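I opened my notebook to look up a few things in one protein model. My notes follow in the order I made them.

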Amino acid sequence: MCFGSREPRSAPLGPGEEAALELLAQSIGRVLEQDRREQKTDAIRDKYELLLEAAPDPVILADIDTGRLIEVNQKAAELIGAGEEKIAGRHQTDLHPDGEAGRYRRLFQACCRPGAEETVRHFEDGSSIYVQTDDGESVPVEISAATVEVGGRQIAVGIFRDITEQEKRRRTIESSLRAIEEAADGIAVLEDGRYVYVDETHADMYGFESAEVLLGASWRRLYADDEVARLEEEVFPTLEEEGHWQGEVTGSRPDGTTFPAALSLTVVSEGRLVCTVRDMTDRRQKERALRHRSSAMEAASDGIAILGKEGTYRYVNQAHASIYGYDAPGALVGRSWTACYEEAEQQRLEAEAMAALVETGDWRGEARGVREDGSSFPQELALTVLEDESIVCVVRDITARKEDERELRSTKQYYEQILEKAVKDLAVFKPDGRYEFVNKQSVADPEMREWIIGHTNLEYCRKRDLDLELGRRRDRAIRTAADEQRTTQYEERMETPDGIRHFLRTHKPITDVEGEVTHVAAFGIDITERKKREQVLHQRQDKIEALYRATRRVLTAEGPDEVSDRIHELLGSIFDYPLRNTGFVDGGTIHPERTTIAGPSVPSPDPQPKSGDSLSARALQTGDTVIVEDLGGLDNDIEYGRLRSAAAVPIGDRGVVVVGRTEGGDFEPFNLRLLEILSSYAALVLGRLDREGALREAKEEAETARAEAEAASRAKSAMLANMSHEIRTPLTSIIGFADAIGEETQDAEGAALRFANLIGKSGRRLLNTLDGVLNLSKLEAGQMQLESTAVDVAAQAETIAEELRPKAEGKGLRLRVDAREAPVWAEADEGGVQIVLQNLVSNAIKYTDAGEVRIRVAYEEEQAVLNIEDTGIGMDPEGVKTLFDPFRQESEGLAREYEGTGLGLTVTKKAVDQMGGSIDVETEKGEGSHFTVRFPGPT
């Protein structure tokens with residue numbers, strides 16, 4: 001495009017002028033392109049019409065979407081017997097025999113699918129394809145089909161070839177083949193009673209793999225002895241007199257089975273016979289089946305009769321006679337069929353039914369019969385011609401069905417009135433997509449509602465200047481529902497005077513009793529509001545996901561500043577409030593930590609007293625979210641600028657999140673709920689930070705105290721170990737002197753001997769106690785190595801129980817020992833086992849106020865197992881992790897309930913470990929404790 005001006009321009013074109021010229025150039029370009037396409041289309045159409053008329057075979061063009069014929073050539077018009085103008089516009093199913101629209105519609109759709117066979121002559125069941133002329137003649141054809149696109153439309157091109165002569169030749173050949181197959185009898189030739197020729201059919205009939213097996217064999221080999229005797233007695237005399245015999249025999253096969261056969265024997269020369277055999281098994285079965293069918297015919301509820309070719313009844317079952325009002329079948333046998341119909345119905349049946357019987361051999365339809373009393377009734381009649389030209393007549397009284405149909409029509413009108421009042425878009429379609437009914441909610445205009453019947457959605461959209469793709473999609477959904485016999489559903493977006501609306505379209509196939517689709521019901525639901533709710537839901541989901549990510553970051557914050565930063569990250573990512581502020585409490589004042597302001601005239605918050613009447617102070621005082629829909633109504637000196645509404649969400653008692661808007665009104669509850677969740681997480685994190693600080697300080701103090709206690713323990717252990725000699729030496733002397741006194745006074749009587757024994761016993765007991773204490777000290781100081789010997793754990797348990805029983809009984813406890821009568825040996829140190837028993841049983845008695853302490857000893861899985869259970873105070877299962885640490889007790893500090901150093905279980909664990917054993921504990925607060933010690937079995 002080129003534009004010029006008579007006057008020079010002082011300045012270049014402005015953006016608006018350039019855009020206008022560009023738009024004009026594009027518009028002219030589109031017009032020229034459209035003109036070029038039209039010229040090309042006209043040229044193509046001229047060539048296409050020339051080829052169409054020059055084609056030697058009938059050619060028919062149809063719209064794939066609608067199935068309607070667009071154009072035919074002269075050959076097609078001659079085949080159908082009508083002018084080209086009259087044929088165009090018909091539906092493709094109108095080309096074929098009546099009553100088979102569904103079958104031919106599916107054939108049309110199959111031919112139009114990509115990859116379909118180019119030429120089709122038969123249906124899948126082998127039946128022929130017919131074109132029905134306007135004169136009613138059915139012409140067999142084969143179809144060559146292809147799909148082309150013309151002007152944006154999908155067109156089916158079909159070439160129909162008349163194959164009448166080919167079909168005649170095919171039927172003749174098939175008849176000849178059937179005749180040959182039916183005449184396939186077994187044939188053989190006998191000379192002097194032995195086979196000289198046998199065909200394969202004959203050999204196979206008698207159960208032999210080949211004819212050669214029978215050559216030279218006697219005919220007697222093929223029959224049982226009694227049958228051979230009968231044939232020699234009855235058949236051979238007849239052959240000598242007449243030269244021919246025909247009758248039934250029973251053949252025998254090598255596998256022992258028998259079969260009935262029709263045998264024909266003919267003498268052709270002296271000593272030579274021609275034998276023809278036919279297996280009669282099928283015939284016998286058919287005879288039995290015929291007898292069964294005869295019984296079934298008599299018991300059938302339908303009327304069954306057989307008419308001779310002259311039209312008189314030769315057979316009538318009871319049901320047939322009853323339907324026509326006769327008491328017995330004999331009342332109709334020998335009479336003409338016309339006795340059961342009025343004259344007008346006789347003439348109709350002769351014109352329709354009898355003519356069809358001559359042409360096709362059968363007829364089915366409805367008629368009106370007359371009973372013996374003169375009353376008439378509707379009936380369903382089926383006629384079939386047999387080979388002997390007799391006619392089988394099946395009659396069913398359909399009076400009740402007709403009544404049902406009348407009631408159904410009445411019901412249909414009733415439901416149509418209901419459908420008219422339905423709030424949904426409702427419609428009923430033919431399987432090919434044509435409207436059969438539509439309610440006013442779907443099409444409000446009465447004239448359009450009347451016009452639309454018989455048209456498709458595509459035609460409706462074209463008439464209403466709507467988007468054609470909308471109509472195509474609806475038609476495809478309807479045809480899919482009909483062809484695949486399933487419900488189809490999709491969402492549809494439409495532009496309406498009220499704006500964009502969304503609909504849910506559903507199409508459900510309706511079938512008859514035989515399962516064929518007769519209609520497709522469709523309805524549409526306006527889901528616009530649901531779509532809006534879904535959009536809101538998606539937005540909320542995004543906010544929740546953002547909240548989830550933010551809370552994870554908040555939970556990992558290491559200080560208040562970091563908590564404030566991460567809260568503001570979330571506020572900025574999912575909220576657009578002009579004011580977003582986080583403040584924390586420091587003493588009695590709320591100090592703004594982080595503030596984000598969007599927009600002019602929105603002031604930054606100032607520090608406010610915690611006890612004041614500011615929005616933040618009120619939220620902290622109430623512990624709940626505070627919302628002010630009109631900030632102008634507040635009676636305080638705070639400057640809010642352009643803010644008109646605000647909300648404050650407390651962060652526990654540590655701070656507050658404040659958001660504000662420049663318009664009044666309430667805040668969305670969902671947004672406030674998200675802020676409350678975020679604030680609660682922030683409060684948890686701030687509390688955690690406080691606890692962690694306090695915990696660090698307490699831990700440092702505990703570590704210091706622990707180090708001091710461990711140092712004291714080591715000093716104590718060293719002192720005891722060093723003083724062992726000072727204690728043991730005088731004690732040993734006391735025991736020695738007591739033994740000497742006992743020996744000197746052994747034969748004497750009186751107090752001296754008794755006191756000597758008492759001093760010795762007490763000294764040894766004190767020595768044992770001292771040894772135990774010293775062992776404990778050595779274990780703690782690492783100065784004691786336990787020896788590995790055979791130890792009877794059961795005996796040790798009894799000894800410790802006896803020593804500690806007074807202590808248990810003093811507290812009112814039962815102390816029980818359950819042990820095997822035989823020793824329970826372990827590979828351990830005797831002193832070590834005593835240490836374990838002493839500590840565990842003493843602890844059980846100490847921490848049990850009522851009930852019992854039970855000691856069980858057993859041998860399990862090559863180990864000596866010691867169980868000590870009590871009904872005492874127990875402990876928290878979490879405390880088991882530190883139970884064997886030094887200086888640890890369930891209750892600690894100056895106010896603890898039970899005294900002790902907290903070293904007993906530590907020493908026990910060390911002793912068990914040194915002996916190669918294990919110790920486990922199960923405990924529950926208030927339920928007691930159960931210690932299990934396992935020692936290695938003896939080697």
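What volume does the second largest cavity have? I found about 80 Å³ for the second largest cavity. Before going on, I noted that this is a predicted model, where local features need pLDDT of at least 70, side-chain atom pairs count only at pLDDT 80 or more, and totals for chains, interfaces and linings use all residues. I also noted that residues are numbered from 1 along each chain as its sequence is written, and that side-chain values use heavy atoms, with hydrogens and water left out.

**Entry 1: cavities**

I wrote down the term: on a 1 Å grid over the protein atoms alone, a cavity is a set of points where a 1.4 Å probe fits but cannot get out, and lining residues have an atom within 4 Å of a point. Grid points are joined across faces, edges and corners, and a volume is the space filled by probe spheres set on the points. I got three cavities of 30 Å³ or more.

I stayed with the second largest cavity. Its lining includes Leu307, Tyr313, Trp337 and Cys393. Helix α10 (343-360) and strand β15 (376-385) each give at least two lining residues. Here helices (H or I, at least four residues) and strands (E, at least two) are DSSP runs, numbered from the N terminus. The largest share, three residues, comes from α10. I sorted the lining by class and got 10 nonpolar, no polar and no charged residues. For the classes, Ala, Val, Leu, Ile, Met, Phe, Trp, Tyr, Cys and Pro count as nonpolar, Asp, Glu, Lys and Arg as charged, and the others, Gly among them, as polar.

Next I took the largest cavity, with a volume of about 200 Å³. It has 17 lining residues, and the closest to its centre are Gln92, Phe108, Ile143, Gly158 and Phe160. The elements that give two or more residues to this lining are β1 (59-63), α4 (101-112), β5 (138-150) and β6 (153-162). I saw that α4 supplies the largest share, five residues. By class, the lining of the largest cavity has 14 nonpolar, three polar and no charged residues.

**Entry 2: rings**

I looked up aromatic pairs next. Rings of Phe, Tyr and Trp (its six-membered ring) pair if their centres lie within 6.5 Å; planes under 30 degrees apart count as stacked, over 60 as edge-to-face and the rest as tilted. The count is 10 aromatic pairs. Why is the pair of Trp219 and Phe236 tilted? The ring centres of Trp219 and Phe236 are 5.5 Å apart and the planes stand at 40°, so the pair is tilted. Trp219 lies in the loop between α6 (200-205) and α7 (225-242), and Phe236 lies in helix α7, so the pair ties together parts 17 residues apart in sequence.

Buried means under 20% relative accessible area, exposed over 50%, and partly exposed in between (1.4 Å probe, protein chains only). Trp219 is buried at 6%, and Phe236 is partly exposed at 28%. Ring pairs also link Tyr206, Trp219, Tyr223, Phe236 and Phe259 into a cluster.

Then I looked for charges over rings. The rule asks for NZ of Lys or CZ of Arg within 6 Å of the ring centre and within 35 degrees of the ring normal. Arg103 lies over the face of Phe123, 3.9 Å from the ring centre. The charged end of Arg661 sits over the ring of Phe667, 4.6 Å from its centre.

**Entry 3: two strand residues**

I found Thr923 in strand β33 (residues 918-924). Is Thr923 buried or exposed? Thr923 is buried, at 12% relative accessible area. A polar contact is a pair of N or O atoms within 3.5 Å; within protein, one must be able to donate a hydrogen and the other to accept it, and residues adjacent in sequence count only if both atoms are side-chain atoms. A polar side-chain atom of Thr923 lies 3.0 Å from the backbone nitrogen of Met875. The side chains of Thr923 and Ser929 make a polar contact of 3.1 Å.

I found Ile651 in strand β26 (residues 645-651). Ile651 is buried, at 0% relative accessibility. Its C-alpha atom is 8.8 Å from that of Leu684, 33 residues apart along the chain.

**Entry 4: positive phi**

Most residues other than glycine have a negative phi. I noted Gln485, with phi near 50°. Gln485 sits in the loop between α14 (468-484) and β19 (488-496), and is partly exposed at 44%. I also noted Glu862, with phi near 60°. Glu862 lies in the loop between β31 (852-860) and β32 (863-870), and is exposed at 64%.

Notes. 1 Å grid on protein atoms, 1.4 Å probe; cavity = no way out; pocket = protein on both sides within 12 Å on 5 of 7 lines; lining within 4 Å.
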